[in-house]
Structure formats: structure tokens, C-alpha cells
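My entries follow the order in which I checked things.

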Amino acid sequence: MPKENKKVDLDAMRHSCSHVLAQAVLQMFPEAKLGIGPTIEDGFYYDFELPRTLIPEDLPILEKKMKQIIKQDQKFLKKEVSPKEAIKFLKKADQKYKIELVKEFAKSGEKITFYENVMPQDNKPMFVDLCEGPHLDRTGQIGAFKLLKIAGAYWRGDEKNPMLQRIYGTCFHTKEELDKYLKKIEEAKKRDHRKLGKELDLFSFHEDGPGFPFFHPKGMILINQLLEYWHKEHKEAGYGLVSTPIILRESLWHQSGHYDNYKEHMYFTHIDDEGYAIKPMNCPGGMLIYKERTRSYRHLPLRWAELGLVHRHEKSGVLHGLFRVRSFTQDDAHIFCTEEQIKDELKGVLRLFEKMYAKFGFEYMIELSTRPEKSIGSDEMWDLSEKTMHEVLKEEKLDYEINEGDGAFYGPKFDFHIADCLGRTWQCGTLQLDFSMPERFELEYIGEDGNPHRPVMLHRVVYGSIERFMGILIEHYGGAFPAWIAPVQAIILPVSDKFNDYAKKAAEKLYEKGIRYEIDDSSETLGKKIRNAELLKIPFMLVVGEKEQKGNTVAVRDYATKKQKVMKVDEFIKMASL
RNA sequence: GCCACCUUAGCUCAGGGGUAGAGCACUCCCAUGGUAAGGGAGGGGUCUCGGGUUCAAAUCCCGAAGGUGGCUCCA
């Protein structure tokens, strides 16, 4: 059977598998109301309204029923029906959500199709679902499947609608492929940055500040290494640094438009009976600096970078380790330039992104988001800026995807999705063209013609949020950081405390070179010390005992290879290029 | 915010209507060691918080907070 399965389309198989799940659920709960059951990236799901809440123990029961249905090798039959017939049938079946869908399809003039499962021997009907397909010919063609988890989901994804119960599952051609996928999930769990953050003593969260991260000394080393590199690259790319206040008058946020568009995510406070807001974004501050003096075309472009700590009142349910927090540092920058300079500035930012992502071994994908329905600015402005953005990507020979209508209301943007070593993608950088903010703040520069002109503004972040980027790095490297960012780069392990003094002597050179080292002078066995250093994923272990003391050497054990080599401390420093 | 589940020692977790358990970590002692856990002793908990039921609640019920998996939203 696996051979035959290779021929069938994976999406069709997963979709068919979701129908089999629905049939199994109806066997278990005849009164279940069906929602929708589409294919998703790694599998499928199906939403149900059920008489009771599901428990994890229900999944094996459903899987068993599904296996029976697959074994029966039911045929999938497609049939087109009129809206009237469809509604009549669904009313009889008491499927209110499906009726809602049919009514909508009828309105938009879409065809209405059902897929029916029948027994292969006598065409006995087993299950019917409103569905566009495509499906397999028979349930027997379904390969290896597994139900993964139960979750709540709003009907049609709208929080005003009732919450249905969603069952997630996945399905592959072969058992081997399924196992490989399940292993990948396991591997991802092992790399969970919340778990590693605790184990490696990098950061913590506390009940007294949900969503507000606390960084420990080792976590701060990591962050400072990232920032040191960031500073170096920005200096080279011609950025100046600015810093703007965290709390600013509420009126400023009215002017910027954030109050109207974003107030439910903002924190507010009062100073001397006047309303103030904690910044959710950095731009208005930059605007004020720009307006500090009369700007000339001769001064443009102005590239101002700011490591801005912003606070956003995220809903409690969305908080997720460092990936989604309520206070975070954006590695922001605002570039003020003339319209003619847009292209060069965009290219400059693209090159900076390329360089910085490569440093961490990240592949990335660029997405161009175009004009949304709700937008400001003229058609010409949008056409021109979108055209410019297309051109820039082509001239830089970069591949990209288009996300129609997903731009910011003030301008189109590039989003950068980086892929980690497990192939998971994360949105980090964005680069946005903004014609609105300069308008709202009446920014000007004096042109060559002696007249005032409106500058264009670019917003961009590379890391996105330092906190999130750190979380991504933890998972990307699985906590085994490259030596240049590792909190502890080398640990010296004396074989016994007789060699503690020699260890200190060896450490002097590391200290001189600014290497981040530790000495484990605890009275543990060497085996234990090595184990502890392994668990902390320290890049290099320097074992010192009698032999090393005599030869004035260290025995270097490399975390990555687990191999050891005896050498002088100087040689180690050179080899590790620390 | 919504749905479901979870919350017992610093950490990972077992237990369970009748005075709280393990391993690791921590402290002390012995051992002075050669590439992933040497041995022993000891300290440590209002069982997240607030109500209720009960002779008795860590355990059952209700509520809150925090967390987890999703949904909606997003850097």
C-alpha cells in the first residue's frame, strides 16, 4: 500500500483524513455539529460543537474508530447539488454551521458540492460533508495518521462567534514520515527557549509582572553580545544613535494616530494630573528630534537608530515566553530621506539585513505587503512606492512573495521571515515605507529650490525585538551558542583541588584576552564537573591535572565534537579564535 | 480576552478527606579524583491565593491569580 500512497496528493490525503475524523466524531457524538475541517501546513484540523468537552483520552478512541473507517475502504463520491437541496439535507442532519456556509456560497454564486463516503461493497452511505474537495478515491489510501491535540477555536475565527472544539491531527504517506514529523516536534520541545532559559539561567518570568521578562547575568551577556554586534554594523552603515523617553504626553499619541489606532494596547499614566502614555512604538520621539531644527536636503538621508524599550498591553492569552511579551526592546531605526533617495535607502537596509541574518546562519524569505483596504495617501503615492519596492527587490536579485493588502495603513512594507535550523519560520525584521507620519508631524526639509518639501520616512527593525530574537536564537542553537555570544565561553576544570592554583594561573591569560571563563573549583569528581559543563553547553572545557601542570598546558574538550586535545593556553585562544 | 487543562520543596515530579514524599539542587563531613552523576549526614513546603462543604480539606465544590495548548491579535 505505501507504494500506491506515494502517488496520492498529501493535501488530499490530509483533507480526506479530516473527513474520516468527522465521521468518527459523529459515531461517538451523533448530535455533533460540524464546523470546518481544512488542511493546514503540517496536517489538518476539524472543528466541532459537542455535547461535552473533549479530554485527551478521547483521542485514542477516535483514532481507533478512524482506523476502522480506513480499513472499510469507503469510497469518496462527489456530487453537486442546488442550494435548496443542500439546505434541505443539512436541516435534516441538523448541521447549522454548514447551513450558514451554504447560504453564503449561494449568495456569492459558488457551486455547492458534497462529498459522500459510501461502503465499497453496496454503496451504503456512511457520511456526507459539505466540501469542495479534492479528496482521495477511497479511505484505504490514507497513510499513517495521528491526532495531536484538542483546542478551542472560534467559529470562523471570529471572537464574537461561539467557541468550538478543534481537533488537530496529521497524516503522512508512510509511518516513517509520520515518526520523523513526531520526532521533529519532540526535538522542538527539547529546544523550547522557556525550558532552556531556566536551565541555562538566562531569564525568568514572575507572577508580579506577567509578560515582563527578567534577564539574569548570563542572559544579559547574550543580549549585550547581540547589541555589540548590532552597534558595529549600524556604525558601519552610517546610522546615528538616538534615545527617546519611555513616557510622553498623551497629546503626542493623538497626533501620531497611535491613540486612535492602538489605544487598547497602550498603558497610560498621569503626571501632575495630565495624561501621559508609555510608548508602544518609538517613532513619535524620533519625529520630535527631526523637528528640532530646520533640515536641508543636504542633511538627508538621516539614519537614526534607537534601541527603544516599548510596552504593549498584549492580551493575557497571547503571552508566550520571550516570543510574545509586554515589554520589549526594538532595534528600531528611522530613516528620513527625499523621494529620490528611497531606492538607495531601501537597498542599504536590505544589505544590512542580509549581512546580519547570515551572521547567525539564518535563511530568510521576504514578503512584500501591499496597500490595505483601509489606507491613507493618494493612488499615485501607493503605486509609486509599491513599484519602487518591486524594483528594489529585483535589482538586488532577491526572491520574494507578495502579501496582497497586508501593508501598513500608511505605506507598503517588507517583512522578513527567518528560518531556524528546524525549518520553522519567524517574522523578525520589517522595513516600512511611511508617507503618513511626516504628514501628521508636518516634517519638512528645504530643497535645492529653496522651498520646503516633505521627507519620506522608513521604519525598520532587524532583530525585531531583542527579546524575541534571543528566544529564537536559543531554539535555533538549542542552547549551544556559538562561542562569540555564549555567556560562558570556557570553563576550567581542575582534576582535583590540588590543581586549583594551576587553574587560576591558566585563567590569567583568558582574563587578559577578555574571554568569558569560569573555574569549577568545587570538590566534585572530574566526571561530575564535565557533566555539569555539558549540561550548561559551554563551548570549551579546559581540564587541568598533573600532566597539564607539568607540561604547562590545558586539555581542551570541544563541546561540539566532544574530542579533546592538549595544548598551551595561547594555542587554545588562537584555535578557538576567541 | 475566549475554550480546555495545569499549579505539591529552588528545579523535575509522585501522592491524595485523618499532621507531607522522591530524585536533583543546597549545607556539612568523608573521599583528591583523568572526560556525562563517588559515598554519607542534614536543612528546606500555610501543598498558588480567597471563600465554601465537612468533626476534619493539600485532597471535594466555587471564585481569583499565574502558567500550558489553541483561537483572535502581533515584534
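These notes go from the whole chain to single residues.

**Ground rules**

I am reading a predicted model, where local features need pLDDT of at least 70, side-chain atom pairs count only at pLDDT 80 or more, and totals for chains, interfaces and linings use all residues. Residues are numbered from 1 along each chain as its sequence is written, while chains are lettered from A and ligands numbered from 1 in the order in which they are written.

**Whole chain**

I began with the overall extent. The C-alpha trace of chain A spans about 85 × 75 × 55 Å along its principal axes. I then looked up the secondary structure: chain A has 19 helices and 29 strands. Helices (H or I, at least four residues) and strands (E, at least two) are DSSP runs, numbered from the N terminus.

Next came burial. I call a residue buried if 20 or more other C-beta atoms lie within 10 Å of its own, exposed if 12 or fewer, and partly exposed in between, with C-beta atoms placed from the backbone. Of the 578 residues in chain A, 33% are buried.

I also checked contacts, meaning pairs whose C-beta atoms, placed from the backbone, lie within 7 Å. Among contacts between residues at least 6 apart in sequence, 70% join residues at least 24 apart.

**Domains**

I noted the domain bounds, which come from an automatic or database domain assignment. Domain 1 covers 2-189, domain 2 covers 194-244 + 282-477, and domain 3 covers 490-576. The C-alpha centres of domain 2 and domain 3 are 41 Å apart.

I looked for paired strands, which need at least two DSSP bridges between them. One open sheet runs E26-E25-E27-E28-E29, with mixed pairing. Its edges are E26 (517-519) and E29 (564-567), each pairing on one side only. The twist averages 25° from one strand to the next. Axes here are lines fitted to C-alpha atoms, for helices over the stretch in contact, and angles run from 0 to 180 degrees between N-to-C directions.

E28 (residues 554-558) pairs antiparallel with E29 over four bridges. Arg557 sits opposite Gln564 of E29.

Which helices lie across E25? H16 (residues 500-512) lies across E25 (490-494), E26, E27 (540-544) and E28, at about 160° to E25. H17 (residues 526-535) lies across E25 and E27, at about 170° to E25.

**Strand E20 and its partners**

Why do I call E20 largely enclosed by the rest of the structure? Five of the seven residues of E20 (residues 413-419) are buried, so the strand is largely enclosed. E18 (residues 363-369) runs antiparallel to E20, joined by seven bridges. Ser369 has Lys413 as its bridge partner in E20.

E20 also pairs antiparallel with E21 (residues 425-434), over six bridges. Ala419 stands opposite Thr425 in E21. These two strands, E20 and E21, form a hairpin with five residues between them, and Gly423 in the turn has a positive phi of about 85°.

**The three-stranded sheet**

I found another open sheet, antiparallel, in the order E12-E14-E13. E12 (247-249) and E13 (267-271) are its edge strands. Here the twist averages 40° from one strand to the next. Five bridges join E13 to E14 (residues 274-278), with Phe268 opposite Ala277 in E14.

The Leu300 to Pro301 peptide bond is cis, with omega near 0°. Pro301 is in the loop between E15 (295-296) and E16 (302-311).

Asp94 has a positive phi, near 60°, without being glycine. Asp94 sits in the loop between H4 (83-93) and H5 (96-107). Asp94 counts as exposed because it has 12 C-beta neighbours inside 10 Å.

Glu442 also has a positive phi, about 50°. Its loop joins H14 (436-440) and E22 (445-446). With 11 C-beta neighbours inside 10 Å, Glu442 counts as exposed.

Conventions
Two residues are in contact if their C-beta atoms, placed from the backbone, lie within 7 Å.
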